Amino acid sequence: MMACLLEAPLRISVLSEVTATSRHYVDRLFDPDPQNVLQGVIDMKNAVIGNNKQKANLIVLGAVPRLLYLLQQSSSSLELRTECAVVLGSLAMGTENNIKSLVDCHIIPALLQGLLCSDLIFIEACLRCLRTIFISPVTPVQLLYTDPTVIPHLMSLLSRSQHTQEYITQIFAHCCKTPEHQMVLFNHGAIQNISPLLISPSYKVRMQALKCFSVLAHENAQVSMTLVNVLVDGEQLSQVFVGMMQRDKPIEMQLTAAKCLTYMCRAGAIRTDDNCVVLKTLPCLVRMCSKERLLEERVEGAETLAYLMEPDVELQRIASVTDHLVSMLADYFKYPSSVSAITDIKRLDHDLKHAHELRQAAFKLYASLGSNDEDIRKKITETENMMDRIVSGLSESSIKVRLAAVRCLHSLSRSVQQLRTSFHDHAVWKPLMKLLQNAPDEVLVMASSTLCNLLLEFSPSKEPILESGVIELLCSLTQSDSPALRVNGIWALMNMAFQADQKVKVEIVRALGTEQLFRLLSDPDTNVLMKTLGLLRNLLSTRPHIDQIMSSHGKQIMQAVTLILEGEHSLEVKEQTLCILANIADGNTAKELIMTNDDMLQKIKYYMGHSNVKLQLAATFCISNLIWNEEDGSQERQDKLREMGFVDILHKLSQASDPNLCDRAKTAMQQYLA
């Protein structure tokens with residue numbers, strides 16, 4: 001009982017003691033004697049080095065506003081101002097919360113103002129603190145660009161010392177996040193000012209300058225095109241980067257130089273068959289994927305390599321046979337830690353927590369490798385347990401892994417052979433359908449594109465997918481605000497309707513609803529319109545189906561056809577629409593919808609005389625189907641069309657220079673002779 005009573009007061013006194021010892025540091029900042037203030041700041045500096053608890057206490061006790069006041073006072077000695085900047089830099093080295101507190105006290109404008117002083121040591125102290133603050137993820141990078149005089153002033157300070165070069169380039173590398181940032185730095189001479197630093201005697205300066213170029217060139221054609229022509233000490237910049245990728249250079253340097261050349265290549269400044277890409281950059285990035293490398297190096301290496309070769313099948317082929325890359329990536333799933341890190345417990349723990357990043361990177365690289373070449377896809381699917389890995393990737397908790405896994409699956413689904421074999425064996429469609437239930441748009445776009453391929457008529461997955469209630473899901477995609485999702489929804493329905501039995505077609509029309517179907521026929525996006533016409537064409541494909549659909553929806557379909565043929569549409573759209581009309585003309589009862597519509601017959605006549613052969617062919621098809629002999633009422637139809645002048649047109653077309661058109665017209669003419 002006694003002990004309990006003693007406990008409480010003791011605790012309180014210990015706490016007040018901690019703040020009391022910190023308090024006296026803050027109190028000394030207000031001493032009237034400048035010499036005491038200076039000594040107080042120096043003692044504070046020594047007290048906070050490496051002591052996060054002490055840093056937090058001083059911030060809580062309000063040291064920061066006072067330090068900033070002293071730093072900005074013209075009456076303060078240069079030594080005092082410099083020591084204040086050093087202490088603030090030390091406080092910033094603590095936790096993210098410390099940085100938030102400093103930023104909230106408006107430390108950034110105060111330090112930027114300090115850079116106008118002429119004293120180099122003070123400038124370096126301010127820059128060191130600014131650097132620490134700006135590289136923190138909690139600092140809004142926009143604060144560097146608020147005052148338009150800051151960037152040009154920083155550029156002018158680059159020549160002052162190695163320290164100013166290191167800190168300023170590090171600030172630029174961290175604060176260049178958007179195309180606007182790239183242009184501000186570019187317009188203020190970043191390239192001319194930073195390129196000489198690539199041959200600085202200081203490794204830190206060379207490294208930060210290199211990082212600047214990687215963020216400046218990323219997806220920026222203007223910067224990349226300028227970089228190609230830059231000379232550094234008489235050597236082309238791309239060759240300087242090549243030198244930095246040599247195996248004896250630090251990994252961080254090799255990787256960043258490879259990123260610079262990758263970005264220049266993707267921006268069109270360097271050809272994909274250039275030696276610096278094929279013989280240097282690509283092999284360097286493949287080396288980064290080895291299990292000797294650290295987790296983040298393997299992640300960055302794989303993601304950069306995927307980006308480099310994404311549009312180029314030749315690079316994909318070269319990469320697929322470099323250093324057993326395909327099997328090296330399989331290790332991304334088995335060994336999150338590099339061989340070199342096995343003895344380091346902290347490292348192992350870190351790598352287990354971040355293993356999902358490796359899986360994401362591997363899926364991205366597989367997707368890029370397999371996007372064009374059939375042999376590479378085969379190699380990927382034959383890698384141990386690959387399909388199982390993709391399937392489990394589709395249901396991982398990390399959204400990024402799910403997206404990368406579905407990208408990989410989409411890439412492989414472009415292969416007829418894989419659709420018939422590994423996709424079927426692993427029932428890939430099941431997790432894919434699950435993924436489509438409530439995913440964010442970017443996942444939906446990839447997953448629905450993959451589903452389109454799984455619904456092609458030769459895919460064995462088509463049947464089980466149909467039975468799983470996919471139609472409702474696809475119809476809901478066609479109502480999305482995103483044109484890409486509307487296209488994929490309607491595309492998948494189009495593939496599903498191809499040579500389908502009547503039951504499936506009726507179900508599609510029912511689930512989509514005529515209102516939505518006609519809304520899609522007036523969609524502003526041409527791709528959506530084309531796929532909707534494709535769906536309609538597939539729905540109207542065998543006589544009984546044509547007659548059945550036209551008997552229930554004929555009037556609306558004819559209206560839609562009229563609107564499209566009269567509208568401002570591309571030749572492809574009009575051709576597809578005339579093909580639908582030709583299908584309608586092939587129905588038994590559906591024919592009458594055209595024969596009793598003189599306006600439509602005039603349109604067909606117009607397109608038979610069009611300057612585009614494809615449109616002439618499709619229109620001639622319509623007439624051919626209307627006058628076909630073996631069918632009821634063919635005589636009346638032939639007579640009516642002769643009166644309207646169609647025979648004369650057919651006669652003219654039978655002398656056309658295009659052999660197909662000529663044959664089609666002659667075949668139609670023979671119906672009159674039979």
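Helix H39 (residues 598-608) and helix H42 (residues 646-653) cross at roughly 20°, and their axes come within 11 Å. That makes the two helices, H39 and H42, roughly parallel, with H39 passing H42 in a left-handed crossing. A few ground rules for these terms: helices are DSSP runs of H or I with at least four residues, strands are runs of E with at least two, and both are numbered from the N terminus. Axes are lines fitted to C-alpha atoms, for helices over the stretch in contact, and angles run from 0 to 180 degrees between N-to-C directions. Under 35 degrees counts as roughly parallel, over 145 as roughly antiparallel, 65 to 115 as roughly perpendicular, and the rest as oblique. A crossing is left-handed if the near helix is turned anticlockwise from the far one by less than a right angle, and right-handed if clockwise.

The model is predicted, so to speak of local features takes a pLDDT of at least 70 and side-chain atom pairs count only at pLDDT 80 or more, while totals for chains, interfaces and linings use all residues. Residues are numbered from 1 along each chain as its sequence is written, and side-chain values use heavy atoms, with hydrogens and water left out.

Helix H32 (residues 483-497) and helix H33 (residues 502-512) have axes that come within 10 Å and cross at roughly 155°. That makes H32 roughly antiparallel to H33, and their crossing is left-handed. Helix H35 (residues 526-539) packs on helix H36 (residues 543-566) at about 150°, with the axes 11 Å apart. H35 and H36 are therefore roughly antiparallel too, again with a left-handed crossing.

Volume here is the space filled by probe spheres set on the grid points, which are joined across faces, edges and corners. Helix H34 (514-520), H35 and H36 each give the lining at least two residues. Among the lining residues are Val 509, Phe 518, Leu 536, Ile 549 and His 553. The lining splits into seven nonpolar, two polar and no charged residues.

The largest pocket has a volume of about 330 Å³. A pocket is an open set of points with protein on both sides within 12 Å along at least five of seven lines, and lining residues have an atom within 4 Å of a point. Of its 17 lining residues, Lys 211, Glu 252, Thr 256, Lys 259 and Glu 300 are the closest to the centre. H16 supplies the largest share of the lining, five residues. By class, this lining has five nonpolar, five polar and seven charged residues; Ala, Val, Leu, Ile, Met, Phe, Trp, Tyr, Cys and Pro count as nonpolar, Asp, Glu, Lys and Arg as charged, and the others, Gly among them, as polar.

Definitions and conventions: On a 1 Å grid over the protein atoms alone, a cavity is a set of points where a 1.4 Å probe fits but cannot get out, and a pocket is an open set with protein on both sides within 12 Å along at least five of seven lines; lining residues have an atom within 4 Å of a point.
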